[in-house]
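Biologist: Could you walk me through this model, starting with the helix and strands and ending with the charged pairs?

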Amino acid sequence: MSNGSFVWEDQPRHPHQSAMATLRFGQHVVSATVVFLRSELSFAIVNRKPVLPGHVLVCPLRPAERLCDLRPDEVSDLFVTAQRVAGAIGKHYGAPSLTLAVQDGPEAGQTVQHVHVHLLPRHAGDFSRNDDVYTELQHHDRVESEEEAPFRSLPDMEREAAELRTYFT
């Protein structure tokens, strides 16, 4: 099974969603219903298997596997968008801190072949050792068996995306 931070292409579509209402996320297709912000060159999505509540992703619109493959305007937009999203998820989840991470290449833990920034709202004591968040990121979207930690449902992801969209209207 592949990993998840997106909506599978073969999942039933939202009743009002057209085939055009999708974005590429590396080797996967993301339903527009889980996108909560779209800028000129980037988009932000809720996570199918978050490490912590509020764990979201910000991605460039143009599929690029590595950070060095992005143009300067894409890098700028990606991180300005990440900054905007950080403010919103910090407020929404009452988080006094955030972890931002980019796993740039397979040896760094990247499993989706598309640059993306992980944003995780943080609270005191959410991990016994603060840096355990990075160990968890390394393994959060790998599934060894069908019985192992299921992914979130599409309705649950759509609900979170709708809540986060309100910060950007």
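Predicted model: local features only at pLDDT ≥ 70, side-chain atom pairs only at ≥ 80, totals over all residues.

Modeller: Residues are numbered from 1 along each chain as its sequence is written, and side-chain values use heavy atoms, with hydrogens and water left out.

Biologist: Fine. Which residues touch the most other members in the largest nonpolar core?

Modeller: Those are Phe36, Val58, Val85 and Leu119, out of 32 residues in that core. A nonpolar core here is a set of buried Ala, Val, Leu, Ile, Met, Phe, Trp, Tyr and Cys residues joined through side-chain atoms within 4.5 Å, where buried means under 20% relative accessible area, exposed means over 50%, and partly exposed lies in between (1.4 Å probe, protein chains only).

Biologist: And which element gives the most to this core?

Modeller: That is helix H1 (72-92), with 6 residues. Elements supplying at least two residues each include strand S3 (35-38), strand S5 (56-60) and strand S7 (117-122); helices (H or I, at least four residues) and strands (E, at least two) are DSSP runs, numbered from the N terminus. Apart from this core lies another, of 7 residues, among them Val51, Leu52, Val133 and Leu137.

Biologist: Stay with H1 for a moment. What do its buried residues pack against?

Modeller: They pack against S3, S4, S5, strand S6 (97-101), S7 and H3. The buried residues of H1 include Leu78, Ala82, Val85 and Ile89, and also Glu74 and Asp77. H1 has 21 residues and reaches 30 Å from its first C-alpha to its last, close to the 30 Å expected at 1.5 Å a residue, the expected span being 1.5 Å times one less than the number of residues. Just after H1, Gly94 takes a positive phi of about 60°.

Biologist: Now S7. How many of its residues are buried?

Modeller: In S7, 6 of its 6 residues are buried, with Val117, Leu119 and Pro121 on one side and His118, Leu120 and Arg122 on the other.

Biologist: What does S7 pair with?

Modeller: S5 and S7 run antiparallel and are joined by 3 bridges, with Val56 opposite Leu119. S6 also pairs with S7 in the antiparallel sense, over 5 bridges, and there Leu98 stands opposite Pro121. Two strands pair if DSSP finds at least two bridges between them. Leu119 also touches Ala82, Val85, Ala86 and Ile89, among others, not counting residues up to four places away in sequence, where contact means heavy atoms within 4.5 Å.

Biologist: Changing topic, how many salt bridges are there?

Modeller: The count is 9, a salt bridge being a side-chain nitrogen of Lys or Arg within 4 Å of a carboxyl oxygen of Asp or Glu. One of them joins Arg122 and Asp126 at 2.9 Å, N to O; Arg122 is buried at 7% relative accessibility, whereas Asp126 is partly exposed at 25%.

Biologist: Which residues are linked in a network of salt bridges?

Modeller: Arg62, Arg71, Asp73 and Glu74 are.

Biologist: How far apart are the closest N and O atoms of Arg159 and Asp156?

Modeller: They are 3.8 Å apart in a salt bridge, and the two residues are separated by about one helical turn because they lie 3 residues apart in helix H3 (residues 154-165).
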